[in-house]
Amino acid sequence: MTDRPVITAFDWVPDFARGQVRDLRVRWALEEVGQPYIVRYLAQGAQKQPPHRTCQPFGQVPTYEAGDLVLFESGAIVLHIAEAHPGILLPDDPAARSRAIEWMFAALNTVEPPIMEHAIATLSERGKPWSAPRLPAVRLRIDERLGELARRLGDRTWLDGDRFIAGDLLMVAVLRIVSGDGMLAPHPNLAAYVARGEARPAFARAMADQLAGFTGSPPPGFAEWLKSQQLQQEGTAA
């Protein structure tokens with residue numbers, strides 16, 4: 001028996017997904033609170049099989065197991081970790097604690113959805129007849145959300161002032177999805193905000209651990225899929 005929680009993660013993902021898989025959010029939270037953990041690695045495809053679906057009905061990662069508790073959804077797991085280690089990612093003051101949780105919901109329910117819609121349209125559904133036509137509207141929604149967030153953040157260090165909270169952890173994780181696409185360029189305060197999050201030692205440890213775990217092999221058919229994606233991209237550029 002061990003008192004270390006067990007999380008699940010992939011043993012391989014494409015290069016563009018490395019550093020973005022959602023177990024990174026859970027690893028980061030565990031590093032912030034100083035909780036050692038164990039990783040159970042899954043080969044691509046194993047997440048869709050019955051053994052894993054008993055923990056994650058939607059066939060995704062991560063999951064979290066500690067004793068009799070089994071959780072899925074990275075946001076729920078981060079909230080559990082924060083509540084299990086009071087005063088670190090969730091302030092003791094009730095009002096400040098509620099605001100921290102508010103920002104967790106804002107990151108996942110308000111800011112992330114259009115960003116993920118953009119990722120789907122430009123990656124997994126690139127080349128579909130509905131993909132390109134919807135991109136301008138998706139970009140407008142992203143730009144609107146980023147502008148609203150930038151105005152609210154202002155010159156604050158973190159979302160609720162000078163203290164890093166669970167809401168910051170998830171918001172930085174979400175913004176990182178587009179930080180390399182130039183979408184944060186019109187909002188220097190958001191770019192600096194993400195950089196502050198990535199500069200935290202706990203984030204660096206979590207990132208290093210995730211990257212070190214990619215020791216598996218791509219699933220059958222990946223090379224053909226990648227080639228088709230490259231051809232579609234070339235056709236779009238032409």
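This is a short tour of one predicted model, stop by stop.

**Before you start.** Residue numbers begin at 1 in each chain, following the sequence as written. As the model is predicted, local features need pLDDT of at least 70 and side-chain atom pairs count only at pLDDT 80 or more, while totals for chains, interfaces and linings use all residues; side-chain values use heavy atoms, leaving out hydrogens and water.

**Whole chain.** Show the cartoon. The protein has nine helices and four strands (DSSP runs, numbered from the N terminus: helices are H or I with at least four residues, strands E with at least two). Along the sequence the pattern reads β-α-β-α-β-β-α-α-α-α-α-α-α.

**First pair of strands.** Select residues 6–10, strand S1, and residues 38–42, strand S2. They pair in the parallel sense over five bridges (pairing takes at least two DSSP bridges). Now pick Ala9: Tyr41 in S2 is its bridge partner.

**Zoom out.** Display C-alpha atoms: they fill a box of roughly 55 × 45 × 25 Å along the principal axes.

**Inside.** Colour by accessibility. Buried residues make up 43% of the 238 residues (under 20% relative accessible area, 1.4 Å probe, protein chains only).

**Contacts.** Of the contacts with a separation of 6 or more, 70% join residues 24 or more positions apart (contact: heavy atoms within 4.5 Å).

Notes:
Buried means under 20% relative accessible area, exposed over 50%, partly exposed in between (1.4 Å probe, protein chains only).
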